[in-house]
Amino acid sequence: MAIVVLLAAAALLALVLQSRHDIEREARNRSVAVAETFANSLGLQDALNAPDPSAVLQPLAEKTRKAARVDFIVVMDTHGIRYSHPDPDLIGERFVGTIGPSLAGQVLTESVQGPLGKEIQAIVPVTSPDGDVVALVSAGLTVENVTGIADRQLPVILMAIATGLALATAGTALISRRLRRQTHGLGTQEMTRMYEHHDAVLHAVREGVLITDGEGRLLLANDEAGRLLDLPDDAEGRPVDEVGMDRRMTELLRSGRVATDEVVEAGDRLLVVNQRPTHPGGRPQGSAVTIRDSTEMRLLSSRAETARKRLKLLYDAGGDIGTTLDVVRTAQELADVAAPRFADFVTVDLADPVLKGEEPGPGADMRRTAVSGIRTDHPLYPLGTLIDFLPSTPQARGYGTGRAELVPDLHDAPGWQAQDVARTSEIVEYGIHSLIAAPLNARGAVLGVVNFWRSEKPEPFDEDDLSLAEELVGRAAVTMDNARRYTREHHLAVTLQRSLLPQDLPEQSAVDVAHFYQPAQSGVGGDWFDVIPLPGSRVGLVVGDVVGHGLHAAATMGRLRTAVHTFSSLDLPPDELLARLDNLVQRMDEEGDSAARNSGILGATCLYAVYDPVSQNCTMARAGHMPPLVVAPDGTTTISELPAGPPLGLGGMPFETTELHLAEGSQLVLYTDGLVEERSRDIAEGMEKLRTALSHPDRDPQASRRAVLDALLPGKPADDVALLIARTRTLGPDRVAQWDVPFDPSEVGATRDRASRQLEEWNLQELAFTTELILSELVTNALRYGAAPVRVRLLHDRTLTCEVWDGTSTAPHLRYAATTDEGGRGLFLVAQLSEHWGTRYTPQGKVIWADQVLPTTDGAPS
């Protein structure tokens, strides 16, 4: 009886609450309907524009209010000043309520404490034909009237509950009497104990229990048996062949034979059945049957196997994805791991900036970076396609929100189909029916979208598949972002290094040059090469290698290359140039921070050679670098026996020079150790391969370069590779004129005459005047301030070079002479009349030289 009373009270409370809720909802709906009707009524706009809107609106509002059975209708302007109200004294005062949303064009309902009491009111905007809000209309009911309706309904509800309580009480009494008769007067404790035993045996066990009589009727079936055999609720008491069991199960029960762990197929289940005969109280023979379901064990095993496969997939993804710091390779590894183990087809679409190492931005176009699947004839976008996904596609939504999108049925996905109607139709006809689009989230940025497509399995992707896809893609995203960051840094380093290397080799006539440079796979390094034109038609050839890799090595290389250019402009011999470069590296090491010093990056090697096409002599020195190779015109290739010297930065040891005489057409080959040294071969083997590749007299430098690279360049070099091949030329006697000048001032005029005749032979009469003036000044200085011997040399190459040799090492200085000075203007005139001029020193003295630009065929300077 207590339970019945509680239920009645709960029902009463629920009915009261529901009634009040319905009444309040009805009040809000009625308020909105009345307010909107009045706001859209004909003539309201004219009334608002009348000189006295209240005179027109007040009677109209009151008439409408009474007809609509609401407590008030208030018309107000956009500032909330009333034009109408049931209480005329309140006309002209400010409306009590929130009007902001309605001024924005919205319909608002609220409960407020108004002039009539607590009110439920709706506020509706009145809009002009052009859409502007020109006034507001509010209608509503007071809470007092609303609750009055509920109070009038309460007696009816109480009467219904009382009637239901009386009927429940009478029914309970009748049932109790019937139960006492059926239990033969057993007390509640005995009945409780019997019920507990019955429930423990028949309902708590995970085995089905059946009891049949000798006539094949089903006397008892517990819940588990009903579930396993899909028995109807009224199965007990009916023959076993009429309750819808499987035929084999029915035959076993009707036979009554003994069965021990006999497997019977019932629908989609495999049941293990045990049956024993019974003799209950001398009645006809029956059977007791127990049933176990082996299907669930198989299902659990299947689920465990599925979980094991998914864990194995994630484990393999951790090892197979990200083996390199290459974005494209990482994307392909992700696709290969997931297809076909998780999806039949996998495509990876990355934001186009990601492939360049840049930060992805919103709305970036996607480039199909990787594709993998069970077949190759699929209609999906091919590899490399730049795709602009529409906002309605799951790929665009996933890229924008960062959350994975599941499309169970592509047949019914209009947003996805809108991307490309023809192609999506082909995809569906091909058999691809389900999709998961999982964004690659890494460190707060979305790099792209991974698409998992299913075609072979008939069932679509589900939520478990979605969570697996998110975890798989989440693990790969960090690796992908690492590869992107590495790509960005690598591009920056390569750009820096290539900007520090020579872009175009300068024009010169001493050698024909072929060159090659390739950074290491692991990153940029400090290898460099250079070709530097020198005075007197000579050329400087440089190859160097800074220890280590990365931006620091590239920056150090740039500083050393600049230093070599600076020192070569002083026309220093190779050994002295390397000595100054060694001092520079030592200072750089001392000025660097502790991290740079500890890394040992500032160690470097260098080889510097100067070739003179007039004498055909090549002077070389090296600082710990690989020795050069010389290929004679007949194809004989030798390794130059050049003293090694210590690497740059060690100090304390002098550098030695070697001078070679190179026949015209000889090739001088300079290179770095990355070309000949590799893990798979000894350096001696690499040198021999290099010598063999060069031993062909009929090859020009470009052909020799290709032969060397084909023989020695690895597919993925572990170190930078620099190669410089220079084939020598000569400046023949017909382009060189030199003679000794007696140490006598009177010989200056003879020198001018001889130079003028030589220029006529070379057809350079246009330069005769400036050449005579330059030689006159230089020879005069040599005779006045220098020492014997004095020699003059003219070189007709890309420029006309005038050289004056003397036996002293005193350097001339250019200065500006004062107005009253009698001398000091000679070198100034030389500097003004020549393109370049300078001084270089020889073991016997010095040479002052000046270059002039050759005239063109029309006589103008070239």
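Analyst: Let us begin with a loop. Pro340 lies in the loop between helix 10 (327-338) and strand 10 (345-351). The peptide bond that leads from Ala339 to Pro340 is cis, with omega near 0 degrees. Please keep in mind that this is a predicted model.

User: Where does Pro789 lie, and which form does the peptide bond from Ala788 to Pro789 take?

Analyst: Pro789 is placed in the loop between helix 23 (768-785) and strand 27 (790-796). The bond from Ala788 to Pro789 is cis, and its omega is near 0 degrees.

User: How should I read a salt bridge, and how many does a search of the whole structure find?

Analyst: The general idea is that side chains of opposite charge can pair when their charged atoms come close. In this model, a search of the whole structure finds 35 salt bridges. One of them joins Arg580 and Glu576, with 3.3 Å from N to O. Arg580 and Glu576 are separated by about one helical turn because they are four residues apart in helix 17 (residues 574-591). Arg580 counts as partly exposed at 33% relative accessibility, and Glu576 is partly exposed with a relative accessible area of 33%.

User: What is the distance between the closest N and O atoms of Asp234 and Arg238?

Analyst: In the salt bridge of Asp234 with Arg238, the closest N and O atoms are 3.1 Å apart. Asp234 is partly exposed, with a relative accessible area of 48%. Arg238 is likewise partly exposed, and its relative accessible area is 26%.

User: Which parts of the chain does the pair of Asp530 and Arg561 link, and are these two residues buried or exposed?

Analyst: The side chains of Asp530 and Arg561 meet in a salt bridge of 2.6 Å, N to O. The pair links distant parts of the chain: Asp530 is in strand 17 (residues 525-534) and Arg561 is in helix 16 (residues 551-569), 31 residues apart. Both Asp530 and Arg561 are buried, so each has under 20% relative accessible area.

User: Which residues are linked in a network of salt bridges?

Analyst: The network of salt bridges links Glu359, Arg443, Asp481, Arg484, Arg485 and Arg488.

User: Let us turn to strands. How do strand 29 and strand 30 run, and how many bridges join them?

Analyst: Strand 29 (residues 836-842) and strand 30 (residues 845-853) run antiparallel and are joined by seven bridges. The two strands form a hairpin, with two residues between them. Within this pairing, Trp837 stands opposite Ala850 in strand 30.

User: Which residues make a nonpolar surface patch?

Analyst: Leu186, Met191 and Met194 make a nonpolar surface patch of about 260 Å². Met191 is found in helix 6 (residues 188-202) and is partly exposed, with a relative accessible area of 30%.

User: How is the protein chain divided into domains?

Analyst: The division gives domain 1 (1-147), domain 2 (207-298), domain 3 (321-491), domain 4 (504-728) and domain 5 (736-853). The C-alpha centres of domain 1 and domain 2 lie 68 Å apart. As for annotation, an unreviewed UniProt entry lists residues 316-490 as "domain: GAF". That span is 41% helix and 22% strand, and its end C-alpha atoms lie 28 Å apart.

User: Finally, what distance separates the C-alpha atoms of Arg69 and Pro855?

Analyst: The C-alpha atoms of Arg69 and Pro855 are separated by 110 Å, and the two residues are 786 residues apart along the chain. Arg69 is found in the loop between helix 3 (53-68) and strand 1 (72-76). Arg69 is exposed, with a relative accessible area of 62%.

Note on methods. Residues are numbered from 1 along each chain as its sequence is written. This is a predicted model: local features need pLDDT of at least 70, side-chain atom pairs count only at pLDDT 80 or more; totals for chains, interfaces and linings use all residues. Side-chain values use heavy atoms; hydrogens and water are left out. Patches are made of residues with over 30% relative accessible area and no salt bridge: like charges are joined within 9 Å, nonpolar side chains (Val, Leu, Ile, Met, Phe, Trp, Tyr) within 5 Å. Accessible areas come from the Shrake-Rupley method with a 1.4 Å probe; for residues, only the protein chains shown count as cover. A salt bridge is a side-chain nitrogen of Lys or Arg within 4 Å of a carboxyl oxygen of Asp or Glu. Buried means under 20% relative accessible area, exposed over 50%, partly exposed in between (1.4 Å probe, protein chains only). UniProt positions are given in the numbering used here, feature names are shortened, and annotations may be inferred rather than shown by experiment. Domain bounds come from an automatic or database domain assignment. Two strands pair if DSSP finds at least two bridges between them.
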